[in-house]
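Trainee: I would like to learn how to read salt bridges in a structure, and I would be glad of a worked case.

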Amino acid sequence: MSSRAPIFGQAKEPVAGDDKLLDLYWNRAELKKAYAEAQNEQHALRKSITEHKGSIARLRQQREHLEGLLLDPDWVHSVAVHYQLRALNKRCARRLARFAEQLKQQREKREHQRLLENWNNKREGRQNDVMAGLHKLDEQRKNYEKRSEAETARIDSLNLFVRLFKRKALMKELNALNDAISRIDQKREELSQKLEELKQGEPPGQRGLDIAAKRSINFMILAFAHQLYIQFGDDNLASLVKESGDKSVGAIQYGEKSDCDRILGQVKSRWKAFDKVSDYADVLQQRARMLAERALFMQDDDAVPVAGSVATLIAFNEGGAVSERNANLLGENFWGVSDVLSR
């Protein structure tokens, strides 16, 4: 028996070593990939270690700088003043941030409540319309049923001969009435399904505030920032408090021990004043309205006014008289006011 040669050359039997070579190739590719990933991870770790060492070095330098200031009799009192002022600055910033957050939450809650009320009112109106449609269909069905019963009774009252020979003509009106009832039933099913969909409808979720609401909130926040400033009673002290948050310890020397003691006394009195003053909602609203009247905006969709347009500090005395002076709290970002405004 003769064997046949392959048409296109000599057929090559698979060699067992080819699979091993292929496995080695893929293993080598995987190893190269794993090695590259390890190299990248090592590089990231080295970078992190370098940054960590730099951070430690800076902290050590700051500690040594602070120790030097505390050992220097010309600076030790200024250090105490700096940290007391900074603590007061942080308290003002936290109080303003808390006020801003509560105001935003209240406004969002009120707007969402209004949205839900509108949605419920519209849904109730649609449900009433559907129920009125169902009632109308029920009345029509009753009317058609009565007519169908009457027509059936009339046909039954005829003699057998008439019913047999005029069946088609007699049944025409009855069939039309029954068809009308079927159409009413179909419409009623559709309306019933629509009513169920309205009942099961999901209420709208929380939505963002519009520009008008954001501007209103921002004017109240600015009015509160002004109130904090006014409570200091001393523009220089307010500036020192703000400056303590912008500069590091040792950047400012507050004078001799007597000068530092005087400032510390002012700080202490401000701490007490913050705890006492709380009822100024009407003042804030009035100040916010006056700021809104003067505010200018770069764009129609801007929520934050131009700083210079609201740079007037508005105060009210016990008799209700208004006093004004320049103080650009937004431009200078007193108490971090720019960071808590709605945008």
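Trainee: Is lysine 242 buried or exposed?

Mentor: This is a predicted model, in which local features need pLDDT of at least 70 and side-chain atom pairs count only at pLDDT 80 or more, while totals for chains, interfaces and linings use all residues. Residues are numbered from 1 along each chain as its sequence is written, and side-chain values use heavy atoms, with hydrogens and water left out. Buried means under 20% relative accessible area, exposed over 50%, and partly exposed in between (1.4 Å probe, protein chains only). Lysine 242, with a relative accessible area of 15%, is buried.

Trainee: With which residue does lysine 242 form a salt bridge?

Mentor: Side chains of opposite charge can pair when their charged atoms come close. A salt bridge is a side-chain nitrogen of Lys or Arg within 4 Å of a carboxyl oxygen of Asp or Glu. Lysine 242 pairs in this way with aspartate 246, their closest N and O atoms being 2.7 Å apart, and aspartate 246 is exposed at 52% relative accessibility.

Trainee: How many salt bridges does this rule give?

Mentor: The count comes to 10 salt bridges. One of the pairs joins arginine 147 and glutamate 173, at 3.5 Å from N to O. Arginine 147 lies in helix H2 (residues 76–157) and glutamate 173 in helix H4 (residues 167–199), so this pair ties together parts that are 26 residues apart in sequence; helices here are DSSP runs of H or I with at least four residues, numbered from the N terminus. Arginine 147 is partly exposed at 40% relative accessibility, and glutamate 173 is partly exposed at 36%.

Note on methods
Helices (H or I, at least four residues) and strands (E, at least two) are DSSP runs, numbered from the N terminus.
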